[in-house]
Amino acid sequence: MRKRLGMITPSSNSVLEPVTSAMLHGVADVTAHFSRFRVTEIALDAAALNQFDASVMLPAADLLADAKVDAIAWNGTSASWLGIGRDRSLCEAITARTSVPATTSTLACIDAARALGAKRVGLVSPYTDDVQRRIGDVWAEEGIAPHAERHLGLRDNFSFGEVTPATIAGMIRAVAVEDADAVVILCTNLEGAALAASLERELDIAVLDSVAVTLWRTLELGGGDIGALAQWGRIFQTSAVIK
């Protein structure tokens, strides 16, 4: 039976849609569908934080529900600095409105780290110093204090999609050297999914790209076969820890 996956997408994100579509190329009976709302920058000031108010995100979920999707994901990592409770509440609200199960990129990344039993997680992101520090605090509250990290100091969301795969790979190698046993590429506008499998073989650690992991969790939540995507990394051979 065909599985339709709904993805709520930041407006200035130029990576997650083509990457998700590329990952699903050749996978029978699974399609991804996207609904946008405005996000242009990542920072801790009020204007930037207010971009993620549920009142602007829920209408995007409503539109995806019109396509009778089997699961909905907020394909963004904002709860990593806003607080994980924001995403849990958002998922509850989406399901209450649409009767469709929901997840988010941040929740999927946390599920993935736990499912793989990662103890020393490295965080790679494009974000500014203060955002990265806040992410460390938020993740620590979930029992996943970052073991190592690298970030690029960027604020403009569109610019994240211009970061080269070589730069991302270098950041992953840098945290791996610090004895991380898993690396999370924490941003759905970084083009890291295609790096995961090869770097896992090279470094012998799990590489969890936010776009790939969001697809992993959404596909499983919608009742699809995650094993069909095994070529994209270790996580697709692992079931999520259901809470």
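In the predicted model, Ile185 stands opposite Asp209 of strand E8. Ile185 belongs to strand E7, which covers residues 182-185. E7 and E8 pair in the parallel sense, and four bridges connect the two strands.

This pair forms part of an open sheet of four strands, arranged in the order E6-E5-E7-E8 with parallel pairing. The edges of the sheet are taken by strand E6 (148-151) and strand E8 (206-209). Each of these has a single partner strand, so one side of E6 and one side of E8 lack a neighbour in the sheet. From one strand to the next, the twist averages 15°. In general, the strands of a sheet pair through backbone hydrogen bonds, in either a parallel or an antiparallel manner.

The chain as a whole contains 11 helices and eight strands. Its C-alpha trace spans about 45 × 40 × 35 Å along the principal axes.

Of the 243 residues in the chain, 55% are buried, with burial taken as under 20% relative accessible area. The accessible surface of the chain comes to about 9700 Å², and carbon and sulfur atoms account for 50% of this area. Contacts within the chain were considered for residues at least 6 apart in sequence; 76% of these contacts join residues at least 24 apart.

Methods:
Residues numbered from 1 in each chain as written. Predicted model: local features only at pLDDT ≥ 70, side-chain atom pairs only at ≥ 80, totals over all residues. Heavy atoms only, no water. Pairing = 2+ DSSP bridges. Axes fitted to C-alpha atoms, helices over the stretch in contact; angles between N-to-C directions. Buried < 20%, exposed > 50% of the residue type's maximum accessible area, 1.4 Å probe, protein only. Contact = heavy atoms within 4.5 Å. Areas by Shrake-Rupley, 256 points an atom, 1.4 Å probe, with all protein chains shown as cover.
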